[in-house]
Amino acid sequence: MTFLILFVFLGAATLAMPIAHAILVAAMAAAVSSDRVPFDLLVQQMVAQVQSFPLIAIPFFMLTGSLMMGGRLGQAIVGTLTVLVGRWHGGPAQVSVLSSTLFGGVSGSAVADASAIGSLVMPWHRRLGYPMPFSAASLASAATIDIIIPPSIPMILYAMSANESIGALFYAGILPGLLLCGGFMTACWYVGKRDNLPRESAPADRAEFRRNLVYSIPAIALPILIIVFLRFGIATPTEVAVLSTLFAGLVSLVIYRDLSLKRLHHAIIEAGLATGVVLMVIMASAAIGWLLTFDQMPQHIVQWVQQNVNEKWVVIMLMNAMMLFLGMFIDLPAAVLLLTPVFLPLAQAIGMDTVQLGIMMVVNLAIGLYTPPVGTTLFIASSLAKVKVGETVRAMVPFYVVAFGVLLLVSYVPAVILK
C-alpha cells in the first residue's frame, strides 16, 4: 500500500496537480485498491483531523498578518531600517533581512512576507542600481525566517501532528530565527563589501525616521507579547491568536488609521482562502498518515534503522537529507503533515526531543522554499526582481552556507533550542 501511495502521489504531482489534491488522490487510490481499509473510516479520519481546537489559531494568525502587512507597517519598517543600516556594506539587502525578521512576528507566512517586503524593497534596490539577482536572493532566503520566528503556521501543524506544545515550539524557534537573521546579514555585508555594492546615500529625514520608528513598534511588540503570554501561561495559543488579531485591528485603527471596511473585508477573505487551502492539505495528509500507520510503515522504518544504523548522528543526517530532498518538491504544510508521522517514532527511538525534531523539520523545509526546482519564495523573489531563477540561485550561495550552518546547529546541538 505504501508503494502505491508513493507512486500515485508522484505521478499526480508530476502532472502539476495541486499538492493537496495529489495527496488525496493517492489516499483514495490506496483505499480503493485494498479490501482491508473501510472507505468510510478513511473519511472519518480526514474529518476528525480538522476538529482540533488549536487549529483555530491558524486563521487568526493569518488575519493578523493580513491586517498589519496590508497597511503602513511595511513602509514604516523599511523606512526605519533604511536609515539604520542602509548605509552599511550590503545595507539595502540587510534591510530585506531585518524586515523579514520583524514581519516574522506578525504573519507566520513566508510567501506573504516575500510578496509584501519584495514589493517595497525591489523598486528601491533598482533605483540604487543594486544587482537584482542578489536582491532576489536576499529576499527569498530571508522571507523564510517568517516561519521560524513565532508565530509560525508550520509549527502549529507540527504540534498538532506530534501532540507537542505550540508554546514550546514557538519559544524554541526564536534563537534559530535570530541566528539566521544574523547570518544572512553577515552574508549581505560580506558580498556588499567584496563587490562594492551601492548603498543608500540620501540624507536621512529625522522627523520621518521618528514617525516610522513609532509605526514600527507594534511589529516589534507583537512577537514579544505572544511569547510572554505563552511562556507564562497567561493564554492558550488559540487565545493568543485571537488577541493578536484584536491587537492588529486596534493598531491599524488607532495608530496607522488605515483600517477601512474594504480593507477589513479583503483581509478576512484573504485569510479565509489561505486557511481553506491549509485545511484541505491537513485533511488529505491525515488520510495518508492514517494509511501509512495502518500499513505499519513508520514501524518498519524504525526497525530497519535500528538493525542497520548504529550511530545517532547518522540517523539525524539521513532524516535531514530526506527532509531537504522532499522540501524541494512538496509544499511546506503538506511536507510537515506527511513527514511527522514517519519521523516521530524514529526520533523517539534514538532519544531525540520532539521539539528539536519539529524545529529541525521546519528549518529543513524552509530551505526548500528557496531551493529549486519548486522553491516558492525563490520564484516570488525572482519574479519581483524580474530576473531568471538561475541567476538568483547563483547569488544564493552565501545564504545556503548560513542556512546549512544553522541547520547543523539545530540538528546536533540541542542546547541551541532546548532550554
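Visitor: Apart from neighbours within four places in sequence, which residues are in contact with Thr-377?

Guide: This is a predicted model, and the answer refers to that model. Thr-377 is placed in helix α18, which covers residues 376-385. Its contacts beyond four places in sequence are Ala-110, Ala-114, Ala-140, Ala-143, Thr-144, Leu-369 and Tyr-370.

Visitor: Is Thr-377 buried or exposed?

Guide: A residue counts as buried when its relative accessible area is under 20%. For Thr-377 the relative accessibility is 0%, so this residue is buried.

Visitor: Are helices α7 and α18 roughly parallel or roughly antiparallel to each other?

Guide: Helix α7 spans residues 110-128, and its axis comes within 9 Å of the axis of α18, with a crossing angle of roughly 25°. Angles under 35 degrees count as roughly parallel. The two helices, α7 and α18, are therefore roughly parallel.

Visitor: Which residues of α18 make the contact with α7?

Guide: The crossing of these two helices, α7 and α18, is right-handed. On the α7 side, the contributors include Ala-110, Ala-114, Gly-118 and Met-122. On the α18 side they are Thr-376, Thr-377, Ile-380, Ala-381, Leu-384 and Ala-385.

Visitor: How is the ring pair of Phe-184 and Phe-399 classed?

Guide: The count of aromatic pairs is 5. In the pair formed by Phe-184 and Phe-399, the ring centres are 5.6 Å apart and the planes stand at 65°. Planes over 60 degrees apart belong to one class, so this pair is edge-to-face.

Visitor: What is the relative accessible area of Asp-146?

Guide: Asp-146 is found in the loop between α8 (132-142) and α9 (153-162). Asp-146 is buried, and its relative accessible area is 0%.

Visitor: Which residue forms a salt bridge with Asp-195?

Guide: The structure contains 1 salt bridge. Asp-195 is partly exposed, at 40% relative accessibility. In its salt bridge the closest N and O atoms are 3.0 Å apart, and the partner of Asp-195 is Arg-194.

Notes: Residues are numbered from 1 along each chain as its sequence is written. This is a predicted model: local features need pLDDT of at least 70, side-chain atom pairs count only at pLDDT 80 or more; totals for chains, interfaces and linings use all residues. Side-chain values use heavy atoms; hydrogens and water are left out. Rings of Phe, Tyr and Trp (its six-membered ring) pair if their centres lie within 6.5 Å; planes under 30 degrees apart count as stacked, over 60 as edge-to-face and the rest as tilted. Helices (H or I, at least four residues) and strands (E, at least two) are DSSP runs, numbered from the N terminus. Buried means under 20% relative accessible area, exposed over 50%, partly exposed in between (1.4 Å probe, protein chains only). Contact means heavy atoms within 4.5 Å. A salt bridge is a side-chain nitrogen of Lys or Arg within 4 Å of a carboxyl oxygen of Asp or Glu. Axes are lines fitted to C-alpha atoms, for helices over the stretch in contact, and angles run from 0 to 180 degrees between N-to-C directions. Angles under 35 degrees count as roughly parallel, over 145 as roughly antiparallel, 65 to 115 as roughly perpendicular and the rest as oblique. A crossing is left-handed if the near helix is turned anticlockwise from the far one by less than a right angle, and right-handed if clockwise.
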